[in-house]
Amino acid sequence: METTPKRIPAGLSRRDFLKTAGLGLAVAAATSGALFSRDAAARTSGVITRKVPRTGEELPAIGLGTYLTFDVIPGQPREFIREVMRRFWEGGGRVVDTSPLYGSGEISVGDYATALGITDKMFIANKIWSTGEFLADESHAHRSLEQSMQRLWRSRIDVMQVHSLVNVDVIVPILRGWKKEGRIRYLGVTHHELPYFPALANWVEKGDLDFVQVHYSIHTRLAEERILPAALDKGTAVLVNMPFEKARLFRIVEGRRLPDFAREIGAENWAQFFLKWVISHPAITCAIPATTNPEHQSQNIGALRGPLPDKEMRARMVKHMETIPGFDKLAEMPPYLGKTYNGIIRRAQNLRKEANK
Ligand SMILES: NC(=O)c1ccc[n+]([C@@H]2O[C@H](COP(=O)([O-])OP(=O)(O)OC[C@H]3O[C@@H](n4cnc5c(N)ncnc54)[C@H](OP(=O)(O)O)[C@@H]3O)[C@@H](O)[C@H]2O)c1
């Protein structure tokens, strides 16, 4: 189990430390009653778990992503994040994926995990996107780890992943060192763009990764060709990003009823249909859908219980999707249609757009 730092971490002001510690105390009092309506046994009862192949550690098969959804401009309302995380935790979730690249995403996770009293209980999959000032300069990587630990209020990160394979040849050996020192527990690499899948597969096939994170959904099944078989073969755990294709899947099923056979896998809504499909592949450890909406979180975490499709049912689900107009052209649709995210990332992107007009 993780432990929170006992002293003020380097780089954190005393004021910030006290603010957070005070929040923690207030919450410790509150956790005894109001925050969670279910006890620990009810929280984890019937949950679908998967083992991390390297250690046998069990993880719930539905996690939580934070790209754009947990990125809020300081001072703007962000209480929705508390409720999204509360429902996630109460529904039996534990795995949270974030990155220093996600604007204020890490800070949101750290603040609300503290507020909910679950900082030490979550399984944090974090990332590193790091180069250096000169060849073999590791200082940026070390600063990135320190900053992540401070923002997440953790003395150890569960999985540290090389974000989108950036500087991967240099960073993987650094991660090995951190693992030996106990600063991280597992190491991995990520990507989401299909042209990088061969490079991702090469890393898995080498056999020294604990985790790989890859884009996989009922629509985008390319990972089945090399990455997932290699992960099974080498004992690499698999996290799945973009299980909803950045909301595109919901757009094409809008106004459509679920097929009757969805009852056989206990899917009560489209979110559970898509997620149960993903986590029923034998190589998958955990899917990490993202949301800003507490109701959506309840749907998503609902996929963590009940039956899963077998091979035949998985094929039937794909066949059904293929009858829906737009499924074959999904990749051409813009992401997040109809959604507005107003964080640090979007603000910077919009400023750049304005400047280029
Ligand atoms: N290279 C990398 O390392 C990499 C790349 C991509 C993603 N990731 C990770 O993977 C996570 C997941 O991927 P993603 O966020 O890109 O896409 P995603 O999870 O496929 O889709 C997120 C979108 O789905 C919507 N959504 C979620 N639940 C819903 C529900 N029940 N009903 C209707 N709409 C729903 C969300 O909108 P609402 O806010 O309205 O719910 C959001 O717009 C990321 O957050 C990130 O942590 C990593």
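Visitor: Is tryptophan 153 buried or exposed?
Guide: Before we look, please note that this is a predicted model, where local features need pLDDT of at least 70, side-chain atom pairs count only at pLDDT 80 or more, and totals for chains, interfaces and linings use all residues. Residues are numbered from 1 along each chain as its sequence is written. A residue is buried if 20 or more other C-beta atoms (placed from the backbone) lie within 10 Å of its own, exposed if 12 or fewer, and partly exposed in between. Tryptophan 153 has 24 C-beta neighbours inside 10 Å, so it counts as buried.

Visitor: Where is tryptophan 153 found?
Guide: Helices (H or I, at least four residues) and strands (E, at least two) are DSSP runs, numbered from the N terminus. Tryptophan 153 is not a glycine, yet its phi is positive, at about 60 degrees. Its place is the loop between helix 5 and strand 5.

Visitor: What is the phi of lysine 246?
Guide: Lysine 246 sits in the loop between strand 8 and helix 9 (248-253). It is buried, because 22 other C-beta atoms lie within 10 Å. Although lysine 246 is not a glycine, its phi is positive, at about 50 degrees.

Visitor: Which strands stand at the edges of the sheet?
Guide: Two strands pair if DSSP finds at least two bridges between them. The open sheet has seven strands in the order 3-4-5-6-7-8-9, with parallel pairing. Each edge strand has a single partner, so one side of each is left without a neighbour in the sheet; these are strand 3 (95-97) and strand 9 (286-287).

Visitor: Which residue stands opposite histidine 215 in strand 8?
Guide: Strand 7 (residues 211-215) is joined by three bridges to strand 6 (residues 184-190), and by five bridges to strand 8. On the strand 8 side, histidine 215 stands opposite asparagine 241.

Visitor: Which residues of strand 8 point the other way from Ala237, Leu239 and Asn241?
Guide: In a regular strand the side chains alternate between the two faces of the sheet. Strand 8 (residues 237-241) is mostly covered, with five of its five residues buried. Opposite to Ala237, Leu239 and Asn241 point Val238 and Val240.

Visitor: At what angle do the axes of helix 3 and helix 11 cross?
Guide: Axes are lines fitted to C-alpha atoms, for helices over the stretch in contact, and angles run from 0 to 180 degrees between N-to-C directions. The axes of helix 3 (residues 79-90) and helix 11 (residues 294-301) come within 9 Å, crossing at roughly 15 degrees.

Visitor: Which residues of helix 11 make the contact with helix 3?
Guide: Two residues are in contact if their C-beta atoms, placed from the backbone, lie within 7 Å. Helix 3 contributes Phe80, Glu83, Val84, Arg87 and Phe88, and helix 11 contributes Pro294, Gln297, Ser298 and Ile301.

Visitor: Which helices do the buried residues of helix 11 pack against?
Guide: The buried residues of helix 11 are His296, Gln297, Gln299, Asn300 and Ile301. Among them, His296, Gln299 and Asn300 meet Ala271, Gln272 and Leu275 in helix 10. The packing partners are helix 3 and helix 10 (270-279).
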